[in-house]
Amino acid sequence: VHLNISQQHQLTGHKSAIYALANHHLPQHFFSADGNGWLVQWNLAQPNVGVALAQVPSNVFALQYLPNQHLLAAGSMQGILYFVDTLNKIVVPPTLQLPKSIFELQTHQHFLLIGGGDGVLSAIDLHTLQLVKTLKISDKSIRQIAFHPQQSHIAALACSDGCVYIVDLETWKKNQTLTKHQSSVFSLCFSPDGH
């Protein structure tokens, strides 16, 4: 297989490191977040114009767009979960304070899942924006969550203790621990066949 890769656009405007990107429900749009707390919406049809949605007082490490509510969830280094109204460009209540940094945000059914720096997997009810479940996974940070392609209730979690944990989101229990890495696992995904 031969790939031809070429740069299409260079989007500028952030003044510090970009830590997170998130998809928008419109195919030409996406979001970015940086170390100064800026949350920006981009449109590839106008790549030179980034729309600043809000600035929060912290590095933002994780983003997830909630299209039904037109909210952008942003997880910060201080462990605060912010919700930004993308239509009105304001931070809306409630904010949620977690014990440590938020490194991962993913939606599953009617929940927003949070991977925390304290090794806890948390779930926010998307209807109420309230914390409804927690599960201690590790003594170190949860860095990424990947869902099984055929069994979406099965998730793999990458953690900073060098382990990958398999979790059943229906029973809210750890099923398996895979230990192979000598240091932090920052990224993972399932193969297309789920094996």
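Trainee: Where is P94 placed?
Mentor: P94 is in strand β8, residues 90-97. Keep in mind that this is a predicted model.

Trainee: What makes the peptide bond from P93 to P94 cis?
Mentor: Its omega is near 0°. Most peptide bonds are trans.

Trainee: What is noted about the phi of Q109?
Mentor: Phi of Q109 is near 55°. That is a positive value, and the residue is not glycine. Most residues other than glycine have a negative phi. Q109 sits in the loop between β9 and β10 (111-116).

Trainee: Why does Q109 count as exposed?
Mentor: Its relative accessibility is 58%. Exposed means over 50%, so Q109 counts as exposed.

Trainee: What is the phi of L129?
Mentor: Phi of L129 is near 60°, again a positive value in a residue other than glycine. L129 lies in the loop between β11 (120-125) and β12 (130-136).

Trainee: How do you know whether L129 is buried or exposed?
Mentor: Set the value against the cut-off. L129 has 14% relative accessibility. Buried means under 20%, so L129 counts as buried.

Trainee: Why is Q64 called buried?
Mentor: Q64 is at 16% relative accessibility. The limit is under 20%, so Q64 counts as buried. Q64 lies in strand β5, residues 60-66. Leaving out residues up to four places away in sequence, Q64 touches residues including A22, L71, L105 and L112.

Trainee: How do you know that E104 has no salt bridge?
Mentor: Look at the nearest side chain of opposite charge. That is R143, 10 Å away. A salt bridge needs a side-chain nitrogen of Lys or Arg within 4 Å of a carboxyl oxygen. E104 therefore has no salt bridge, yet E104 is buried. E104 lies in strand β9, residues 102-108.

Trainee: What lies 2.9 Å from a polar atom of the E104 side chain?
Mentor: The backbone nitrogen of I145 does. I145 is also among the residues that E104 touches, as are A62, L113 and R143, not counting residues up to four places away in sequence.

Trainee: Why does I5 count as exposed?
Mentor: I5 has 75% relative accessibility. Exposed means over 50%, so I5 counts as exposed. I5 is in the segment before β1 (18-23).

Trainee: Which residues make the nonpolar surface patch of about 460 Å²?
Mentor: V1, L3 and I5 make that patch.

Key
Residues are numbered from 1 along each chain as its sequence is written. This is a predicted model: local features need pLDDT of at least 70, side-chain atom pairs count only at pLDDT 80 or more; totals for chains, interfaces and linings use all residues. Side-chain values use heavy atoms; hydrogens and water are left out. Helices (H or I, at least four residues) and strands (E, at least two) are DSSP runs, numbered from the N terminus. Buried means under 20% relative accessible area, exposed over 50%, partly exposed in between (1.4 Å probe, protein chains only). Lys and Arg count as positive and Asp and Glu as negative; His and the chain ends are not counted. A polar contact is a pair of N or O atoms within 3.5 Å; within protein, one must be able to donate a hydrogen and the other to accept it, and residues adjacent in sequence count only if both atoms are side-chain atoms. Contact means heavy atoms within 4.5 Å. Patches are made of residues with over 30% relative accessible area and no salt bridge: like charges are joined within 9 Å, nonpolar side chains (Val, Leu, Ile, Met, Phe, Trp, Tyr) within 5 Å. Accessible areas come from the Shrake-Rupley method with a 1.4 Å probe; for residues, only the protein chains shown count as cover.
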